[in-house]
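Subject: Structure handover

Dear colleague,

Please find the structure below. My notes on it follow.

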Amino acid sequence: MALEIYDEGREPKRAKYMHKKVICVMFIITVLLISLIPKIEFADDSNQTSNKDLIGDVNGSGKIDMSDVITMLKHLSNEKTQKHSEWKLDADQFRRADIIEDNIVDVKNDVIALLKYIAASNNPKIAQKHPEWLALINDKNNIIVPTDIALNKSQLDMMVGEKATLTATVVPEEAENKTYKWKSTNEKVVQVDSNGILIAVGEGKCSVNATTWNGVTKACAVVVKPYSAGNGNTANNTTNSTSGGGGSGGTTSGGTGGWSTGGRWRRHRPVAET
Ligand SMILES: [Ca+2]
Ligand SMILES: [Ca+2]
C-alpha cells in the first residue's frame, strides 16, 4: 500500500514519528466526522441495495454504513502496524474501498469520502448543503438520486377544520430511491400525515414541506383563516388522488364533496379548484 510513511528511502525514526502522527490525525478526523452524524442508523435501509459491487460497501453487506468505515480503518491499521493480519482487505473489498480511485485506500481520501457520504445520507440538512458528498459515491454506483420534488400546489388557503391533500412527485422518474417525508413548520396551524393529507387546526400561516431522503425539498405555503360559512376561501377538498404528476392535483368534482373534521361538524359545498 502506498502509504507515505513506508515509502522507500525514508528513515526509520521519521517513519515511527509519522506513524504516531498519522494515527493521531486519523483519530481526530474520525471523531470530528462522526460528530457530524447525528444518528448512526445501522438498520437504515435508505441506501440499501443488493448490489455486491457497491462502492463504499467495503464489507459486502449490501449497504453502506459505519461498519464499512470501521473495516477500512482496521485495514489501514494493519497496513501500518503489520499486526492483525485478519484485517486486510481482499481484492474486491479493496476495490470497493478505493472510493477516490488511486489504488490506495487511505484515510485522507477514501475514509473521509465515505464518512461524508454517510453523514449526508443520514441528515437531509447536510445533504442539502453538500450534495456533492452524496454524488461522488452514488455516481460511481450509477445510482440516480432525486434532484427535485414537485408539489401539485405551491400555496393553499384553508379554513380551520378543513382538510386538503398535497401530492408530491420526485424527479427524475428513474431515481433509485424516491422516499420523501411531509412536515409542517407549525403543527398548531396545519398538521400533515404521511400521505400528504393536511388538516387546518388553527389560524395562521405555515409551510408544509416535502423532503426527499437526500434533502431535496419543496414547500407549500398555507394560510389558515377562521371558519366562516361565507368564507370564500378555496381550499382543496380531501381526496386521495394518486394520479397527480405534479400538475392536476387531487380535487373531486361535483357538489357532494362533504368532509368531516374529527366528527365536530360537517358541511357540504361545491368544490372549487384552486
Ligand atoms: Ca457495508
Ligand atoms: Ca483511494
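In which hand of crossing does H4 pass H6? The crossing is left-handed, that is, the near helix is turned anticlockwise from the far one by less than a right angle.

This is a predicted model: local features need pLDDT of at least 70, side-chain atom pairs count only at pLDDT 80 or more, and totals for chains, interfaces and linings use all residues. Residues are numbered from 1 along each chain as its sequence is written, and chains are lettered from A and ligands numbered from 1 in the order in which they are written.

The axes of H4 (residues 107–122) and H6 (residues 131–140) come within 8 Å and cross at roughly 115 degrees (lines fitted to C-alpha atoms over the stretch in contact, with angles from 0 to 180 degrees between N-to-C directions). The two helices are therefore roughly perpendicular (65 to 115 degrees). H4 contributes Ala 113, Lys 116, Tyr 117, Ala 120 and Ser 121 to the contact, and H6 contributes Trp 133, Leu 134, Leu 136 and Ile 137 (C-beta atoms, placed from the backbone, within 7 Å).

The protein chain has 6 helices and 11 strands (DSSP runs of H or I, at least four residues, and of E, at least two, numbered from the N terminus). An open sheet of 4 strands runs S2-S9-S8-S5 with mixed pairing (two strands pair if DSSP finds at least two bridges between them). S2 (155–159) and S5 (180–184) are at the edges with a single partner strand each, so one side of each has no neighbour in the sheet. S8 (residues 204–212) and S9 (residues 217–225) run antiparallel, joined by 8 bridges.

Regards

Conventions. Parallel < 35°, antiparallel > 145°, perpendicular 65-115°, else oblique. Contact = placed C-beta atoms within 7 Å.
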